[in-house]
Number of protein chains: 2
Amino acid sequence: MNYKYYMPTRIIMGNDCITNNSEVFKTLGKRALIVTGAHSSKKNGSEKDVKAALDSACISYLVFDKIMSNPTIACVYEGASVAKGNDVDFIIAIGGGSPMDAGKAIALLAAQDISEENLFSGIYENKVLPMTFVPTTAGTGSEVTQYSILTNDKAQTKTSIASDLLFPTVAFLDSKYMEQLSVNTTINTAIDALSHAVEGMLSVRASTITNALASESIRMIMECVPEMLQALNSVPKTIFNPKNREKLLQASFMAGMVISQTGTSAVHAMGYSLTYFKDIDHGRANGLLLGEYLRLVEKEQPDLAGKILKSMNLPCANQFVELMNELFGKKEDISSEEINQYSKLAMQTKNIANSILKPKENDLKEMYTASFIN
Amino acid sequence: MNYKYYMPTRIIMGNDCITNNSEVFKTLGKRALIVTGAHSSKKNGSEKDVKAALDSACISYLVFDKIMSNPTIACVYEGASVAKGNDVDFIIAIGGGSPMDAGKAIALLAAQDISEENLFSGIYENKVLPMTFVPTTAGTGSEVTQYSILTNDKAQTKTSIASDLLFPTVAFLDSKYMEQLSVNTTINTAIDALSHAVEGMLSVRASTITNALASESIRMIMECVPEMLQALNSVPKTIFNPKNREKLLQASFMAGMVISQTGTSAVHAMGYSLTYFKDIDHGRANGLLLGEYLRLVEKEQPDLAGKILKSMNLPCANQFVELMNELFGKKEDISSEEINQYSKLAMQTKNIANSILKPKENDLKEMYTASFIN
């Protein structure tokens, strides 16, 4: 078995971990750029905790809070220009996948000049600003990966920059910042993490170590599904149990570690078009497609599907599809023309080649159809 | 749950991984010091492969092959003096735990002046030579830890240096170098790794991520025990299956990742005296003690023992004790005076405080007695 493993990010996990470890910021420099969205990091207390820790460590900072959902290339160039113009030593990204993915690109672009044409090349000088990440959702796993996923209008999809330079230096993981997340966001992000873990096990680059992490991540997320369903079906929608919040955060970074080694597979390749063209949430898109992909794997490679289903504690892929349908409710309308277009686009991605079970274009069409048209 | 996780070593796993990745050496410098023992790395082909890779990468090197079993402080100072005197840029350690642990101390001492009094302090300047490690046994896990265990005559035991500076930069893992290991060495080293994984699960610093790695490591090693017993009982002793060799190598580095986060527990604390005073192999010492410790945990914290036994696929600790007795055969003679002395020494180590179930001095005496006197 040939594989490589590398994940150098320092993880600091637990309640009040930022406040209790403010000295960590001192090791990164004297002036920071906080990269975040306009609202959530202010509401959930994470930005306040970071600022207090920076103050106590005598580190000056400025805030770039213009990161939108699915950040664009223009947005990260603007952030890099702010970083350069203000001589910041390091980046602190706070938020869900969007500010973290943008934060990585900004840290790279602030340290070296890269033209837009070369941004996705993966070939850079060995220079990047140090990065501290504070995830405020439990899904993306970006805090422990070398990927920055940006919206690429030229390619009409989301495209990832992948480079070992982009591993964050430090990730602070505190599930208290997730307490106020809506039930829908909690579900969408948790199922994104689940998709990472499952796709990791379905990757040609899966290894003993990634499978160990993925199995445990799947087990932990599935343990939280009953509470997700309960929260979804109660009026008013109930608050999530803090222990489960922490479980989801741990499962999500472990699934992030998995895809940092394995990459993602057909599901992500298919999901990107749903997000790009139909504005369907990334985790939701993956969750709805994942069941059909698992059904295909069950048919073609039952042993492989069996390992995943065992971690899920489910007897068959059908039951997983039913659970996802319960979690995600009414589905979006997608026409057969759209399905043809998305299937073509997905076939061109490297994620398909990365899958142990490589679906054909027709398989993709059938998966889209079964997932969305019924 | 509060914890930290950090393991920045790049792992390159698989058959011929050194030959196929010789360019990696180029990223570390122009002149290398190979740190190894006198014989085994020459016999098993690892030194030859490393030299060929260095030649092909146009990197000059010299060899310091004076590392003995359980390396002493004098030995690592001598190696550091060779490194300094020859302006080497990086260290390549080849061998079992002894050359790897020595290699770390040499890399540290070659980069900065540290007096013998301060060697175990853990407080150093932020300077160390880059290190490439090639384990040729599957047990120590040193290739992915920040520990260097040296024989400390002043403290009459083995003492560890622990510093994030000591994480190797790269670990090349190729199980072909283990093909010629004797059955006894294979067993001793495998059970050392098993002890790491089990002790990791019994550590106060155990976390979701370390438990996932430890469970899988335990499962993999236990899958190889039947072949160990078979090899031990056949005449001539049989060669080990290459697939199991690779399984043990993977299990051993994963168990190394576990203790890099959790440290070891009472078992290692007790084992050190057996190695220091009685010259009992480190893995054998741990294996013989581990069963009794697991019996104690089963009595006091059955749920915790249950998780470990589940990974072992065994119904109770007694069966594990029996397996270890079968693997290790006739035991050494240890007097009750020696047991009293070793128990006192073990109580002073930080490993005891690191254990979820903190044994009292009397527990240690009982464990030594049950393990060795019967």
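The questions and answers below concern a predicted model of chains A and B.

User: Which element of chain B gives the most residues to the side that touches chain A?

Analyst: In this predicted model, 21 residues of chain B are in contact with 21 residues of chain A. Strand S1 (3–5), strand S2 (10–13), helix H8 (208–233) and helix H9 (242–262) of chain B each supply at least two residues of that side. The element that gives the most, with 5 residues, is H8(B).

User: How many residues on the side of chain B that touches chain A are nonpolar?

Analyst: The side of chain B that touches chain A includes 4 charged residues and 5 polar ones. The nonpolar residues there number 12.

User: Which residue of S1(B) stands opposite A:Ile12?

Analyst: Strand S2 (residues 10–13) of chain A is joined to S1(B) by 3 bridges, and the two strands run antiparallel. Across this pairing, the residue of S1(B) opposite A:Ile12 is B:Lys4.

User: What is the bridge partner of A:Ile34 in S5(A)?

Analyst: Strand S3 (residues 31–35) of chain A and strand S5 (residues 90–95) of chain A run parallel and are joined by 4 bridges. Within S5(A), the partner of A:Ile34 is A:Ile92.

User: Is B:Tyr342 buried or exposed?

Analyst: B:Tyr342 lies in helix H14 (residues 336–347) of chain B. There are 24 other C-beta atoms within 10 Å of this residue, and the cut-off for burial is 20 or more. B:Tyr342 is therefore buried.

User: What distance separates the C-alpha atoms of B:Tyr342 and B:Tyr368?

Analyst: Leaving aside neighbours within four places in sequence, B:Tyr342 is in contact with B:Met270, B:Ser273 and B:Tyr368. B:Tyr342 and B:Tyr368 are 26 residues apart along the chain. The separation of their C-alpha atoms is 8.8 Å.

Terms used: Residues are numbered from 1 along each chain as its sequence is written. Chains are lettered from A and ligands numbered from 1 in the order in which they are written. This is a predicted model: local features need pLDDT of at least 70, side-chain atom pairs count only at pLDDT 80 or more; totals for chains, interfaces and linings use all residues. Two residues are in contact if their C-beta atoms, placed from the backbone, lie within 7 Å. Ala, Val, Leu, Ile, Met, Phe, Trp, Tyr, Cys and Pro count as nonpolar, Asp, Glu, Lys and Arg as charged, and the others, Gly among them, as polar. Two strands pair if DSSP finds at least two bridges between them. A residue is buried if 20 or more other C-beta atoms lie within 10 Å of its own, exposed if 12 or fewer, and partly exposed in between; C-beta atoms are placed from the backbone.
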